[in-house]
Amino acid sequence: MDYETYFAKELDGVREEGRYRVFTDIKRHRGKFPHATRFIGEETQAVTVWCSNDYLGMGQHPTVIEAMHSCLDECGAGAGGTRNISGTNHYHVELEAELADLHGKESALLFTSGYVSNWAGIGTLAAKIPGCVVFSDALNHASMIEGVRHSRAPYKIWKHNDPEDLDRMLSDFGPEVPKLVVFESVYSMDGDIAPIADILDVCEKHGALSYIDEVHAVGLYGPRGGGIAEREGLMDRIDVIEGTLGKAFGVMGGYIAASSNLVDFVRSFASGFIFSTALPPAVAAGAAASIRHLKHSNDERDLQKDRVEQVRRQLDIVGIPHLPNPSHIIPVMVGDAKKCKMISDWLMDNHGIYVQPINYPTVPVGTERLRLTPSPVHDDGDIDRLIAALSEIWSQCELARGKMAA
């Protein structure tokens, strides 16, 4: 086989479909984000970032940066090994305690990313619980799907955010069958929120373990940033809460929080945990500082809500279609991969506005979009420039105003 020819042909196909992904080379500047510098060869361009998952700007917060600097001076760069072999730094232990407290759980376990925490957590539970059947929401993240696949456990896919469909599927299995129900709180592409209480009612009715992914909610919702489940007073009813440190908390890493026995079970059997080098201590220190700050400060959350409402309101005024939802995520619907990339490129080239096109396989073909994430660090001028630029390009593309693209 001519491997290089095959690779090139496949890549040409992706380019032809308009969904070839190009990395945008930027440098974030401390204290000035969402403003950054873009590098294009030898040239640079000032840009405003509108698609970051650093939802609250905590990656720029002085408290977080100070904690990381202090730990770096104290401990050095890396952890030095896996958690089992010399890599458990005291800052990891402190961070896990903060996470357990955040979610009202007995214990928590750190992973190198949210992807790994889902892959390892779901994969281990489903594989190691004898006869376990997994019930997965139809729109679950790729990391959750990979966890299910990795487990090789039988699984059923229930209709998105549909507790009645879940109930019907669970009813096909007797009380003697172990069951694991996995779903998200905030879905990152449409921005919709799961009916958590209704899903938990179904889980409890059938004796199923509940596993919720709160990666797009932790830090953002609830009086202490514990997520949608905290906001709705449901954390004590959920068996496993999974989250990330790389979005609203502004650093990196993933985790699960649950009972001491469940966490210890995953710690003892998950290859994705056992054989991974631990997070650098400075990262753990920064994450812990971010969590502690957001447990007591609502300023960032309140300002973000204001910015989200302001962007939505102005989009409505100029007639730009976006999916209505109750979250902080604003999907501006385009509906065509090539057109979506063209709009993204035009915004960048002409206005220094960075909004990444979102296309297949992240979203289904025909639902391509620009995913806006307003944050507390976007000011009124940033918003005005975004809306004016979007209005201009929407007119040029002759997209139907006020209607979602087909």
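**Stop one: strand β14**

Select residues 369–372, which make up strand β14: R369 and R371 point one way, L370 and L372 the other, and all are buried (under 20% relative accessible area; exposed is over 50%, partly exposed in between, with a 1.4 Å probe and protein chains only). Helices (H or I, at least four residues) and strands (E, at least two) are DSSP runs, numbered from the N terminus.

A word on what you're viewing: this is a predicted model, where local features need pLDDT of at least 70 and side-chain atom pairs count only at pLDDT 80 or more, while totals for chains, interfaces and linings use all residues. Residues are numbered from 1 along each chain as its sequence is written, and side-chain values use heavy atoms, leaving out hydrogens and water.

**Stop three: a link across the chain**

Which residue forms a salt bridge with R369? Select D190: the closest N and O atoms are 2.5 Å apart (a salt bridge is a side-chain nitrogen of Lys or Arg within 4 Å of a carboxyl oxygen of Asp or Glu). The pair links distant parts of the chain, 179 residues apart, with D190 in the loop between β7 and α8. D190 is partly exposed at 26% relative accessible area, whereas R369 is buried at 3%.
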